[in-house]
Amino acid sequence: MGRMIGIDLGTTNCCIAVLQDGDAQVINSRQGERTMPSVVAFSDEGTEIVGTTAQRQAVTNPNRTIFGVKRLIGRKFGDEEIETWSEHVPYEICAAPNGDAWVRTRDGDYSPQEISAVILQEIKAIAEDFLGEEIGEAVITVPAYFNDSQRQATKDAGTIAGLRVKNIVNEPTAAALGYGIDKNRDQTLAIFDLGGGTFDITILKTEGGVFEVLATHGDTFLGGDDFDRLLIEYLLDQFEGECGEDISDDPVALQRLKESAETAKRELSSTSTTSINLPFIATGPDGPLHLRVDVLERTKVERLCEQLIDRLEAPCKQALADAGIVASDLDQVLLVGGMTRMPAVQAKVEEIFGKITAKDVNPDEIVAVGAATQCAIMTGEVQDVVLLDVTPHSLGVRVTEGRMSRVIEKNTTIPTSEKKLFATTRDQQDHVEISVYQGEDELVDNNSYLGRFVLGDLPQAAAGKVNVEVTFLMDADGVLNVKAREVTTGREASVKIAPSSGLSKDEVRNLSNRRRKAS
Ligand code: AMP
């Protein structure tokens, strides 16, 4: 069976932790660092390169260096966010036959699940080297606001990498587990998690070992990469203004700019000014051109990113309202994710929640530590701790005019079971089609489709005279069963909504076998 490890598979970096004799221990990368860049590259020789080594060669191999794949996982190529993202990455994003967003390189087309699997396989190998034993199982964390297909896709990535994914835990919940387990105090926490690609806000109560999520909200397309992107756009404009050259289509220049912008952003968290110097970034009619910004002020970057920082507010307010509390009810606000080191982000947190946040947390490691704790809860090593999470999005069925009638409201504690009664809308209607959706919009077309089934042989009667009771049952793993029952005859039909990652079971199995043979 092998040991179980906790994995924080971040957009920018990942972190591995394991519980050793009751203490969570972070496992260092091969370079001795506590996190590893979530980067995969394909070399000219056809080998896969992962982590720091992949990141280091990105400038010379920009089209085949894949970063931020978590932004693509479980998403459609046509999504607006994917379009924006594809304009800013040097690698190509393409549409898979089923419409999913995939990555195209000279070596072929890859699903985000496969790319993530390459990272997870490396994580598995690192942990095996460190522990000197086989790793069979893992707990992987995901943003709380991930929908069903993004969660399933992450699970499939684990399977392809040869890991049995025992549990998918929400990142903020894991952070609370990593934090609270030491403190063992009853309290109400807000976990503010701004990483490289996603933003989550979770309100959680701990009481006598029970960790109960009260509400969660977020934005799966708001993170450090967006801050970098705005800074890159500014630098591109400045350069074009000064030198008359548009270098936005040059993948090597873009990759160099990306690295410098990110470094500058980090530096500006501890200093008020920095500089950027990129010699030989392009060649103009009179020879080589250099990009130089002698003084880049923190306030300039804050102004550039003002809109992004403002976008953090609404989900926080909504989460507080959904939890039925006000900011002053909170005992702590935990900051998670590298972006929370930015002073302007911290100032926004204090503005929203009106309090000094818990500073004794390592924002890069706390999620992995919580995932390792969840491993220990699952194996029984840690007892008397119960995790009660919620479903982040509402679930419902399609009714007339393409509207969604909600059956399970967002932020309902799982497992849960909810019933709702529907009536026929046509005379002599002999069947009803139950189409299941996830999301908050009133119109199903703006939500995610999960599945459908038909309940036939309805009694013949006038419109509105036949009633069908629909039951939604969601288990603790978030797997949904939907049942429909005609009230007078008791006829039933049901479907298990197996969340789909876009890859079939066979495809996942084949990829897993291929990776096992290759390793
Ligand atoms: P995570 O996904 O939690 O690893 O967060 C990674 C993001 O945090 C990336 O966008 C980093 O650029 C950003 N980040 C890390 N350290 C800092 C820092 N000191 N100041 C600002 N942003 C940072």
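## A strand pair and its sheet

Which residue in E26 is the bridge partner of Ile434? In this predicted model, that partner is Phe453. The strands E25 (residues 432-438) and E26 run antiparallel to each other and share seven bridges.

Zooming out, E25 and E26 belong to an open sheet of four strands, ordered E22-E21-E25-E26 and paired in the antiparallel sense. Strand E22 (403-408) and strand E26 (448-455) sit at the edges with a single partner strand each, so one side of each has no neighbour in the sheet. On average, and ignoring direction, neighbouring strands here are turned by 30 degrees against each other.

## Around the ligand

Now for the ligand: 13 residues surround it, and the closest are Gly196, Glu262, Lys265, Ser269 and Gly338. For Gly338, a backbone N or O atom lies 3.0 Å from a ligand oxygen, and for Asn13, a side-chain N or O atom is 3.4 Å from one. On its own the ligand has 510 Å² of accessible area, and the protein covers 91% of that.

## Two packed helices

Helix H4 (residues 148-160) packs with helix H13 (residues 505-518) at an angle of about 35 degrees, and their axes are 8 Å apart. On the H4 side, the residues in contact are Asp156, Thr159 and Ile160; on the H13 side, they are Val508, Leu511, Ser512 and Arg515. Sorted by class, this contact has three nonpolar, two polar and two charged residues.

Notes:
Residues are numbered from 1 along each chain as its sequence is written. This is a predicted model: local features need pLDDT of at least 70, side-chain atom pairs count only at pLDDT 80 or more; totals for chains, interfaces and linings use all residues. Side-chain values use heavy atoms; hydrogens and water are left out. Axes are lines fitted to C-alpha atoms, for helices over the stretch in contact, and angles run from 0 to 180 degrees between N-to-C directions. Contact means heavy atoms within 4.5 Å. Ala, Val, Leu, Ile, Met, Phe, Trp, Tyr, Cys and Pro count as nonpolar, Asp, Glu, Lys and Arg as charged, and the others, Gly among them, as polar. A residue is near a molecule or strand if one of its heavy atoms lies within 4 Å of it. A polar contact is a pair of N or O atoms within 3.5 Å; within protein, one must be able to donate a hydrogen and the other to accept it, and residues adjacent in sequence count only if both atoms are side-chain atoms. Accessible areas come from the Shrake-Rupley method with a 1.4 Å probe; for residues, only the protein chains shown count as cover. Two strands pair if DSSP finds at least two bridges between them.
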